Amino acid sequence: MGMSAQDKMLNVASRLGLTTLKDMQGTTRMVYDSQTTAALTHTFFKGASQRAFPLSNVGANGNQFQVNEALLVEKIGFFIPLSETGVTYQGLNGASVKFDLVIGNKTVIKDATVEFGGEQAFYNDGATASSVIDLEGVGILIPPQVEYYVVAKGFGTGARAAASVRLGCYLFGTGALLNFNTTI
Amino acid sequence: MANQVQKLSYVDNKLGVSLPGQQTTRVIYDSVNAVAAQGFFEFFTNFAGKNEFQTNLTTNKLDSAESMVIKSIQIIGAFGGSPTPATLANHMNLNILVGNQVVVKDFDPSFNSTNRGLAFDRLHSGANLADNIEIRLLTEIVIPPQVNFKATLQLADGANIALNDDITIIFKGYGRIFSAGNSF
């Protein structure tokens with residue numbers, strides 16, 4: 001049997017010297033960021049503390065998790081905001097996205113694509129065209145207090161030509177939340 | 001039973017690849033712009049003049065510190081022929097070669113197109129699309145570092161291929177990319 005998401009979090013945390021992450025509250029976590037001005041290239045999460053809800057949900061900490069909080073990224077999805085406000089959004093609607101995920105100074109996913117209509121293998125209703133990529137293996141850990149960001153470029157799925165689009169990105173997976181085990 | 005992570009490690013070790021690397025989800029793709037009535041396509045052999053959305057490789061092998069297992073194969077067509085555009089819903093013949101070895105032989109992905117997506121594995125249905133197919137492999141295929149690979153696709157429907165139609169093949173799976181330290 002393979003390693004579980006929780007096992008991988010604790011394994012990586014241990015190697016990074018994060019000895020107290022194992023005592024924190026386990027959770028399911030999702031962070032997202034969106035940019036409502038159409039562009040050929042978008043950089044998500046970097047500077048996201050300046051983008052208030054509903055454009056992003058990272059809050060004042062921006063593109064890093066606070067002490068003893070972490071996210072094991074298991075799915076990466078993209079969406080298209082429908083207006084400048086970012087309130088309404090849709091799936092990729094025929095477009096696809098090429099992206100890199102960078103944690104600290106390290107590119108951990110490079111030149112990957114979320115192909116519109118891909119990931120069909122994970123859907124069994126036979127009618128869903130997805131805008132998500134499921135990470136193979138167990139996922140990738142974003143440790144506490146390390147900056148992360150996603151660089152993404154939209155393009156036409158069939159003709160493979162660059163497209164200027166509004167775009168948003170979310171990272172979904174198993175997380176840890178700060179949990180004080182003592183009174184403060 | 002070995003999972004994809006264990007299988008990649010096993011094969012890499014057999015081949016003498018000992019670098020740990022950053023574990024990641026790897027997506028590689030190549031797109032071919034067709035000439036009229038082209039019924040046979042070869043992928044990952046010609047990279048000249050292609051943009052970053054048509055291919056994310058510059059040579060038909062992975063770098064010395066990189067390897068991957070293919071878990072999913074996706075084929076996307078952009079067809080504009082008149083009066084009858086080509087489709088991926090008719091019979092096809094897919095072959096994948098790694099080194100001198102045929103690793104997928106005379107495989108017909110069209111059984112997974114449109115609403116016929118339950119033929120190979122009931123978990124792996126399609127999104128009811130005739131020009132966008134994904135197959136989830138039941139046996140992982142390893143692409144080791146520095147070994148040439150390519151894919152060929154024959155379309156029974158080739159006579160309907162029009163000038164400048166595009167066909168893209170995408171390999172997705174678990175992989176390793178170069179890393180000089182800990183793996184997230």
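Four bridges join S4(B) to strand S5 (residues 101-107) of chain B, and the two run antiparallel. Strands here are DSSP runs of E, at least two residues, and helices are runs of H or I, at least four residues, both numbered from the N terminus. Two strands pair if DSSP finds at least two bridges between them. In this pair, B:Ile96 stands opposite B:Val104 of S5(B). S4(B) and S5(B) make a hairpin, with two residues between them. Look at B:Gly99 in that turn: its phi is positive, about 65°.

A word on what you are seeing. This is a predicted model; local features need pLDDT of at least 70, side-chain atom pairs count only at pLDDT 80 or more, and totals for chains, interfaces and linings use all residues. Residues are numbered from 1 along each chain as its sequence is written, and chains are lettered from A and ligands numbered from 1 in the order in which they are written.

Which strand does S4(B) meet through seven bridges? That is strand S7 (residues 149-155) of chain B, and the two run antiparallel. S4(B) itself covers residues 92-98. B:Asn93 stands opposite B:Gln154 in S7(B).

Now the open sheet of chain B. Four strands form it, in the order S1-S8-S3-S6, with antiparallel pairing. Which strands sit at the edges? Strand S1 (22-33) and strand S6 (132-143) of chain B; each pairs on one side only. Neighbouring strands are turned by 20° against each other on average, direction ignored. Axes are lines fitted to C-alpha atoms, for helices over the stretch in contact, and angles run from 0 to 180 degrees between N-to-C directions.

Inside this sheet, strand S3 (residues 67-78) of chain B pairs with S6(B) in the antiparallel sense over eight bridges. B:Val69 stands opposite B:Val142 in S6(B). What packs on the sheet? Helix H1 (residues 4-14) of chain B does, touching S3, S6 and strand S8 (166-177) of chain B. The direction of H1(B) makes about 115° with that of S3(B).

How far does the predictor trust this? pLDDT is its confidence in each residue, from 0 to 100. Chain B has a mean of 85, and 88% of its residues reach 70 or more. A contact means two C-beta atoms, placed from the backbone, within 7 Å. Where pLDDT is low, the predicted coordinates should not be read in detail. For the complex, the predictor gives an ipTM of 0.74 and a pTM of 0.83.

Next, backbone details in the loops of chain B. B:Ala37 lies in the loop between S1 and S2 of chain B. Phi of B:Ala37 is near 65°, positive in a residue other than glycine. Buried or exposed? B:Ala37 is partly exposed, with 13. B:Phe44, in the loop between S2 and S3 of chain B, also has a positive phi near 65°. B:Phe44 has 23 C-beta neighbours inside 10 Å, so it counts as buried. One cis peptide bond joins B:Ser82 and B:Pro83, with omega about 5°. B:Pro83 is in the loop between S3 and S4 of chain B.

Over to chain A. The peptide bond from A:Phe53 to A:Pro54 is cis, with omega near 10°. Which residues of H1(A) are buried? A:Lys8, A:Met9, A:Val12 and A:Ala13. They cover an arc of only 130° around the axis, so they lie on the same side of H1(A). That arc is taken over the directions from the helix axis to the C-beta atoms. On the other side, A:Asp7 and A:Ser14 are exposed. The buried residues of H1(A) pack against strand S3 (70-81), S8 and strand S10 (165-177) of chain A.

Last, where the chains meet. The contact takes 36 residues from chain A and 42 residues from chain B. On the chain A side, S6(A) gives the largest share, seven residues.

Notes: pLDDT is the predictor's confidence in each residue, from 0 to 100. A residue is buried if 20 or more other C-beta atoms lie within 10 Å of its own, exposed if 12 or fewer, and partly exposed in between; C-beta atoms are placed from the backbone.
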